[in-house]
Amino acid sequence: MIFEQLSGNLIQGLVLGAVYGMATMGLSLIFGVLKVVNVGHGACIMVGAYTALFMFKQFGLSPLFAVPVAMIIGMTLGLIFYYSAIRRLLKGPELATLLATFSFGVILEETIKQLFTSEVVGYNWDLPKFDIGITVLSLSKILAAVGSILVALLLYLWFNKTRAGMAMRSVVEDDDGARVCGVNVDWEYALSFSLGIGLTVTSGVLLTMFIPVGINPYMGGPYTLKAFVIAVLGGLASPYGAFFGGVVFGLVENGSYTLFAMIPGVEPFAMTRFFSFVMLLVILLIRPTGILKAK
Amino acid sequence: MKNTEKYLPVIPVLVAYAALLAYGVLIPGKWQIASQLAFYCALGQAFNLFMGMTGYVDFGYVAFLGVGSYGMALPIYHLSDKGLGLWLIVIGIFLAAVFSFILSLAVGAVALRLRGAYFAIATIGVNEGFRFLIEGARIWNGSEGLLFFLHMRTAFGKQTATAISNYWADGMVFAVAIVAAIMTLIYMRNKVGYALTALREDEDAAKVMGINVTKYKITAFITSAVLAGILGATAWSLKYSYVYPSDVFEIHYTVEAIINVLLGGAGTLLGPLVGGIIYGVSKYFLAIILPGFQLLIFAPVIIAIIVLFPEGTVGMLKKKVIGTPLEKYII
């Protein structure tokens, strides 16, 4: 019984983990290229969730259509924010970019709050569900996971097969060297920041396909924390590491939820969140460079 | 520098707090505003002690205020009928200090081994993590929180309880602000401050020079956290007679602490005071003119400050007064 429940939840965790992974790639991309931690990460996910919600409620469009829209919104926000603030802060102390991205998140949250109120909302995308014996997976969850894997794959191909992607990787390796070889480093910074925010906003759409409820302007906080755990699992600077970190995290999260639910007198949902925080501290303590040493 | 000269900058700080106190006491109906301003100043002073001096950002700072408010709430909630009278407040402040000390020691021991970005990442979860531990494991009444309005009345009597909520709690906020400012000055003028300045400029160089950076970072971190704990105990628990985990672990207070410090100038003594007053007054008027828009206005202000004048108001003033007799007083 317990075993069946656990394995069912682990399958859910695997599917959710793929989405988590994709939701962290933007964070790792920005850190890898610019060495900037996007503390407003969760807020960007929230913007994606509202994009999906708005298109669904207002135009009756399926969240799949929201994916490109979210990408465009995110990349635009990223470019604006890069050129208005981040670019001037790259040479300053770390404190400056941390506070700037933090404020960026607050701006997003408060803007959305003014536009949509702080009410908790959701939408209902009625798709068939599949009973696979130990658990029930809906098509929208599977689409979210497949979409995430697809995005991760596209990013991989872009980084490895195109000149633009390789130029960006060269900046990760050594920005002075890249500059000497004629790479426009400033533009690469702008592009990766914008791409990172774009990916994150897009992941918000995919996350609502998995969990279409509980959307509110402040929903991002827990995702920021989760994304940090995942990014640190994957070595912080590597988008692929982040993807695999996400899968691991999805498994751990759902597994620990099942186990906490067995302890009487404990609220498993809150404990799972506490657990992810403990995990973050432990990983940072024992191996800040990441547990998974992905390429 | 002679010993008395070292501590001259405390004069403008004390004068400013005395003026604020006088404004609240002497002008009828202004006490609440004055004490609210004192809260922002105290929050900034305590936060600045760590962030300003080390250059590290602690995004989980409000957690210390949160555990501090529990430190005060618990004895009042459980021991109100033991006839301890005002000793309860002493116990509460002591417990608040102990709770925030333990939490900061635990967090600091892990997070302070990490640098810059990694430190910020480690602290961002402290607040949420601790809140979910309280809610999840149902510690201290879990998400229902502690309500102790009636307990306050049982313990202190109706009149005293009202006086505590309306006046004494605010008075203690002033005290925390002043103590935090004095601690900052003492640190600045002693080995801790010099070590932290070296660390802020170049941590590796400081290490090579033989400075035990971890020790000084932890000292500043714990001092700042304990002050925050006592602030939470007085400004929240004593004043409002309730503690809800979702209220006391509200991340907006961390934002406010950051704004107060940045507006005034990180790492300066007068900065948090000036920043707290600028922030408090503008928030007060914004709440009247544009209710609900305060954060939407302040967040871009933070970015503007970081980009355009990272030294803050006092930082700029400090540069202006170099070479004048005021130099000794403003740091």
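In the predicted model, helix 9 of chain B, which covers residues 191-201, packs against helix 11 of chain B, which covers residues 213-240, at an angle of about 110° and with the two axes 10 Å apart. Because angles of 65 to 115 degrees count as roughly perpendicular, helix 9 of chain B and helix 11 of chain B are described as roughly perpendicular to each other. The crossing that these two helices of chain B form is left-handed. On the side of helix 9 of chain B, the contact is made by V192(B), A195(B), L196(B) and L199(B), and these meet V213(B), Y216(B), T219(B) and A220(B) in helix 11 of chain B. Sorted by class, the residues of this contact comprise seven nonpolar and one polar, with no charged residue.

A helix pair in chain A can be described in the same terms. Helix 1 of chain A, spanning residues 2-34, and helix 9 of chain A, spanning residues 220-233, pack at an angle of about 80°, and their axes lie 9 Å apart. Helix 1 of chain A is therefore roughly perpendicular to helix 9 of chain A. Helix 1 of chain A contributes Y20(A), G21(A), A23(A), T24(A), L27(A) and S28(A) to this contact, whereas helix 9 of chain A contributes Y223(A), K226(A), A227(A), I230(A) and A231(A). By class, seven nonpolar residues are found in the contact between these helices of chain A, together with three polar and one charged.

As a whole, chain A contains eleven helices and two strands, and from the N terminus its elements follow the order α-α-α-α-β-β-α-α-α-α-α-α-α. The radius of gyration of chain A is 19 Å, close to the 19 Å given by the globule rule for 295 residues, so chain A is as compact as a globular protein of that length. Along its principal axes, the C-alpha trace of chain A spans about 60 × 45 × 35 Å. Of the 295 residues of chain A, 53% count as buried, and among the contacts in chain A with a separation of 6 or more, 79% are accounted for by residues 24 or more positions apart.

Between the two chains, 33 residues of chain B are in contact with 37 residues of chain A. The elements that give two or more residues to the side of chain B touching chain A are helix 6 (116-136), helix 13 (252-264) and helix 15 (294-308) of chain B. Helix 6 of chain B gives the most to this side, with 14 residues. In terms of residue class, the side of chain B that touches chain A has 25 nonpolar, five polar and three charged residues.

Definitions and conventions
Residues numbered from 1 in each chain as written. Chains lettered and ligands numbered in written order. Predicted model: local features only at pLDDT ≥ 70, side-chain atom pairs only at ≥ 80, totals over all residues. Axes fitted to C-alpha atoms, helices over the stretch in contact; angles between N-to-C directions. Helix = DSSP H or I, 4+ residues; strand = E, 2+ residues; numbered from the N terminus. Parallel < 35°, antiparallel > 145°, perpendicular 65-115°, else oblique. Left-handed = near helix turned anticlockwise from the far one by under 90°. Contact = placed C-beta atoms within 7 Å. Nonpolar A, V, L, I, M, F, W, Y, C, P; charged D, E, K, R; others polar. Rg over C-alpha atoms; globule rule 2.2 N^0.38 Å. Buried ≥ 20, exposed ≤ 12 C-beta atoms within 10 Å, placed from the backbone.
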